[in-house]
Structures are given as structure tokens and as C-alpha cells.
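Hi,

Here is the structure I promised to pass on to you. Have a look at it first, and my notes follow below.

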Amino acid sequence: MTLTGHHFIAGREAAPHGHLFHAFNPSTSAQLEPAYGDATHAEADEALRAAEAAFDALRLATPETRADLLDAIADEITALGDALLERAHAECGLPMARLTGERGRAIGQCKLFASLIREGSWADARVDHAIPDRQPLPKPDVRRVMMPLGPVVVFGASNFPFAIGVIGTDTVCALAAGCPVVVKGHPAHPGTCEMLGRAVLNALHKVGLPAGCFSLLHGKGNDIGTTLVKHPITQAVGFTGSLRGGRALMDVAAARPHPIPVYAEMGSVNPVFVLPGALKERASKIAEAYIGSVTMGVGQFCTNPAIVLGLKSDGLQQFISNAAAMASKVAPQTMLHRGICEAYQAGTAVWRTINGLELAGQSETAPAETASQAACRIFTTTIDVLEGNSELNREVFGPCSIITECPGLDDMLRYANSLEGQLTATIHGTVDDLREFAPLVRALEKKVGRIIFNGFPTGIEVCPSMHHGGPYPAASHSFFTSIGTASIYRFVRPVCYQGFPEEALPELLQDANPRGAMRIVDGELKR
Ligand code: NAP
């Protein structure tokens with residue numbers, strides 16, 4: 001596919017003009033063609049007006065048509081073949097094997113949401129039949145079901161160009177729900193965005209839905225994103241990225257005359273508690289898995305295990321020396337873009353100035369700065385230093401982590417109780433540990449979205465039970481997940497029908513329940 005640098009505005013291609021920017025290959029610093037431009041306010045307005053005009057066609061289409069759209073997107077991504085992987089590799093520096101796996105996940109997500117909406121139970125239909133002779137007052141017929149919110153603006157993540165990008169969960173679950181989407185492409189991989197955007201437009205054409213259901217606007221700098229969030233037609237926002245960016249967009253949305261939800265997933269430090277029984281049983285095995293998790297994807301995951309806590313003991317010393325030795329063997333790897341690499345170098349440089357924080361081990365091969373490479377860096381400290389330096393509890397994006405020695409179990413519990421909102425927390429232990437440290441689990445339940453036992457938080461399963469979110473600042477709304485089928489609830493709201501005749505009700509609320517979806521009927525869950 002020849003890349004054009006065009007914005008896709010409801011099927012119309014708009015050439016870039018005004019301020020232009022390019023992608024750069026982070027491994028070589030080579031500029032990649034073509035040039036992309038910042039979309040204008042007029043282009044944002046055109047995309048959102050087209051989205052509003054297409055809303056009825058999309059939301060009133062049968063679930064089969066919307067599911068066919070998602071299947072067609074999956075086919076179009078497959079049809080892009082190796083060219084998609086090669087462009088993403090050039091723009092993001094991610095290895096081909098990782099990109100191949102991520103493409104599989106993105107295709108799988110399309111198919112998962114297609115089957116979700118064909119089946120229908122997701123819409124949480126509830127039916128309460130009338131009881132006309134109820135005393136002292138008759139009971140009306142009341143029914144409710146989920147309905148799409150309207151046009152959604154999506155900001156793709158830099159670290160998942162496919163699975164959380166132009167055709168990532170946000171876009172796919174919004175289209176599944178019946179919401180048109182305007183994507184603000186990530187400026188670090190605009191060519192990948194363009195290829196994926198064209199795939200969505202081809203799929204819309206195939207199933208006969210209006211091109212206004214999807215637009216892709218490019219831009220570098222905050223202006224176009226802010227404009228899209230402020231626009232009165234926008235009804236919700238999906239965002240994955242930095243706390244600074246997410247919070248700025250939350251504030252913009254809250255200041256609108258009609259505020260809208262911004263579903264922002266902004267990362268966390270994902271503490272790992274290694275309990276005494278686990279250290280005694282398998283310190284070196286846990287250290288090996290820990291270094292694997294810290295360095296997976298060059299540490300560029302919001303679920304990176306950035307802080308480990310263990311009880312001062314021989315087992316912890318063994319864990320530290322194993323982790324440090326393994327870190328030294330990790331070859332430096334190219335990060336997503338130069339800016340992220342510079343932020344990593346600056347973040348770990350600040351850590352090195354903190355009294356009581358020691359560098360225990362790092363990649364023995366020096367990183368090639370011209371290739372935006374990051375070395376793995378493992379630090380050690382004590383709980384008082386961790387608690388006394390709040391900046392250590394903020395994400396430094398990259399392959400680094402801090403192992404913290406705690407004199408007593410009370411220290412771990414106090415730390416858990418003081419945590420800000422987290423996406424995840426992990427406990428390594430034995431079943432006896434878990435019984436003895438039950439208060440730690442009770443504390444973590446109040447702070448995190450997902451608690452992992454004897455595993456690591458990186459590698460998120462896309463499934464109905466997944467919750468990828470957490471209390472602020474990990475995410476903007478702790479109730480919602482950005483990964484897994486429940487992510488669809490970010491872009492819908494319940495609509496309740498009272499006293500309606502059967503034939504005028506949405507299909508999922510009709511007594512016949514032709515789709516056979518699970519519903520709550522007169523208080524009972526059934527098909
Ligand atoms: P980012 O800087 O937050 O940018 C994400 C997207 O939001 C980009 O399209 C960006 O475009 C836009 N944006 C950011 N701030 C904005 C603002 N104030 N107003 C309007 N639009 C805004 O994230 P990134 O580029 O992916 O990576 C930077 C840092 O984010 C990393 O170092 C890491 O700390 C964090 N991160 C977290 C996750 C996660 O999973 N939670 C994922 C990736 C990165 P413009 O810059 O063009 O405005």
C-alpha cells in the first residue's frame with residue numbers, strides 16, 4: 001500500500017497542509033515518508049458532523065451488520081499482510097515477533113466483539129412485566145437495555161500500535177456498541193495508523209455502512225486532540241497514555257458546557273509483594289520471571305512491575321542478587337520513540353540521585369543512544385526511602401524496577417494502605433502466606449483493579465472477566481475496564497421503556513427474545 005499522509009474524513013481524503021511532521025525510525029533516527037499534517041479545526045468539525053450524521057445508520061443496523069463490520073475489519077487487517085508489520089516495526093522499533101502476536105490479538109478482539117453482539121446478552125436487558133392488579137397501586141411494565149452514547153473520540157496508545165491503536169479495543173467496542181468513531185492517530189506511528197484507517201474504511205464499504213462511522217485525523221501537539229474533546233458532538237473519549245495527557249483531557253471534558261466521560265487508562269507502578277514462604281521456596285525462580293516481566297516489550301507496559309517489596313531476609317538477598325545478575329545479561333533494546341527513551345533516561349537519572357536508592361544491576365552492554373536503546377536497571381532501597389520520596393511511586397516508563405526491603409510485615413501493609421490507585425498488585429506466596437497475610441489482600445482490594453497471585457501483571461488476557469483499570473490516577477473511572485468484553489460499557493448508557501407495546505420495543509426487550517440473550521426477567525436471570 002502506498003502511504004499518502006492523508007487524513008480520512010468520513011471517506012474523504014484530505015491532504016496534509018500547514019504544520020507537517022514525520023515518523024522517525026527509532027533504531028536509526030531515519031525520517032520516514034510521507035509527511036503528515038496537523039488536522040485543522042474545520043477538519044475535526046467535518047469528521048464529527050459526519051459521525052453524528054452516521055450515528056442512526058450504525059446504531060439502528062442489526063447486530064449482525066455491526067458484527068459483519070468487525071469481521072470485515074479483521075479480514076482487512078489480515079489482508080495488509082507483512083507490509084503492516086514492517087511499517088509498524090519501522091515506526092515503533094517493536095520486534096516483528098511481538099508485532100505479529102499483537103496483530104493476532106487485535107484480530108481476535110474484532111472477532112470477540114463480533115460474537116458478543118451477535119449473541120446479545122452483553123446489553124444487560126431487563127424486563128419487569130406489568131402487574132395491573134397490584135395493590136395498593138398497579139405496577140407498570142418497565143424494561144431497560146443498553147444503547148450507544150454517540151460519536152466517540154479515540155486516542156491510540158504509542159505502545160500498542162494495533163491492539164490499543166486505530167483498530168484497538170476502544171474503536172472496536174465503540175463500533176460494536178453502535179458509536180461512530182473519530183480517531184486521533186498517535187504521532188509516533190502515523191503510517192501504521194493510515195494503513196489501519198484504510199482497513200476500517202474498506203470494511204465499512206464492504207458491509208454497506210456509511211463512511212461517516214469512522215474518521216482518522218493526524219496531529220502532533222495537543223491542539224487537535226483538545227479540539228476533538230471540546231467539540232459538542234463528541235459524547236465520550238477513550239484514551240491510553242500518560243497521566244499528564246489523560247488528566248489534561250479529563251479537565252477539558254469536565255469544563256465543557258455539557259461534560260462528557262473521558263475513559264483514560266494512565267498506568268501505575270504495579271507493586272509486587274513477595275511473601276516469606278515464596279522467598280524460602282523459590283526466590284531465584286521468582287527473580288527470573290520478574291526480570292522477564294520488567295524487560296518484556298522494553299518495559300513499555302502500563303502493567304510493568306516497577307516496585308517489589310519483600311521482608312528483610314536471606315531469601316530477599318538471594319532474590320536481589322539473582323535479579324541483578326539476570327538484569328546484567330539483558331541486552332539494551334530500542335524504545336518506541338526518542339521522546340520515550342529520553343524520559344526513561346531522565347527518570348532513572350533522577351533515581352540515581354536519591355540517597356538510599358542503589359543501582360543493584362543493569363545491562364552490562366551499554367545502550368546505543370542513537371538507536372534510542374534502554375538498558376535494564378534494577379534498584380534496591382528500603383521502605384523508609386520508598387515512603388519518603390513520592391516520585392518513586394510514579395511510573396518511569398521502561399525496563400526499570402525497585403526492590404524494597406521491609407523490616408516487618410506491618411511495613412508492607414502500611415505501604416499497601418498508602419498506595420494511590422493502581423492497575424494491578426501482585427502477591428507471591430504460599431497458601432499459608434496468603435492465609436497469614438489476608439489483611440494485605442483486603443488492603444489491596446481497596447487500591448487496585450486486578451490482584452495477581454504467583455504470576456506477573458504483564459500480558460493481559462482479553463476475556464470477559466478481565467478488568468484493566470483501577471482507582472485514579474491509574475484510570476479516570478475505576479468502574480470501567482479498557483480491555484476485555486466489559487470495555488463496551490464505556491460507550492453505552494441504559495434506556496428504560498415504560499408501558500410500551502411489545503412491537504415498539506427494541507428486539508432485546510421483546511417477550512419472544514428472538515436472539516435468546518440472557519436477560520433479567522421479573523427478577524430472574526434466564527434466556
Ligand atoms: P501521551 O503523551 O499521553 O500521548 C497519548 C496521546 O494523547 C497522543 O496522541 C497525544 O498526542 C495525545 N495527548 C497527550 N497529551 C495531550 C493533551 N494535553 N491534550 C491533547 N492531546 C494530548 O502518551 P505517549 O506518547 O503514548 O507516551 C508518553 C508517556 O505516556 C510514556 O512515557 C508513558 O509514561 C506513558 N504511557 C502510558 C501508557 C499506558 O499504558 N498507560 C501507554 C503509553 C505511554 P499529541 O502529543 O500529539 O498531543
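How much space lies in the second largest pocket? About 430 Å³. A pocket here is an open set of points on a 1 Å grid over the protein atoms alone, with protein on both sides within 12 Å along at least five of seven lines. A volume is the space filled by probe spheres set on the points, which are joined across faces, edges and corners.

Before I go on: this is a predicted model, where local features need pLDDT of at least 70 and side-chain atom pairs count only at pLDDT 80 or more, while totals for chains, interfaces and linings use all residues. Residues are numbered from 1 along each chain as its sequence is written, and side-chain values use heavy atoms, with hydrogens and water left out.

Back to that pocket. Its lining has 19 residues (each with an atom within 4 Å of a point), and Arg59, Ala61, Pro63, Arg66 and Pro506 lie nearest the centre. At least two lining residues come from each of α1 (41-60), α2 (63-92) and β6 (142-148), with β6 giving the most, four. Helices (H or I, at least four residues) and strands (E, at least two) are DSSP runs, numbered from the N terminus. By class, the lining is 13 nonpolar, two polar and four charged. Asp, Glu, Lys and Arg count as charged, Ala, Val, Leu, Ile, Met, Phe, Trp, Tyr, Cys and Pro as nonpolar, and the others, Gly among them, as polar.

Then the cavities, meaning sets of points where a 1.4 Å probe fits but cannot get out. There are two of 30 Å³ or more in the whole structure. The largest has about 80 Å³ of space, and its lining includes Tyr263, Glu265, His468, His477 and Arg490.

Finally, the domains, with bounds from an automatic or database domain assignment: domain 1 is 7-22 + 33-266 + 479-490, and domain 2 is 272-453. Ser158, Asn159 and Glu265 supply 38% of what domain 1 buries against domain 2. Glu265 also lines the largest cavity.

Cheers

Methods
Buried area = accessible area lost by both parts, 1.4 Å probe.
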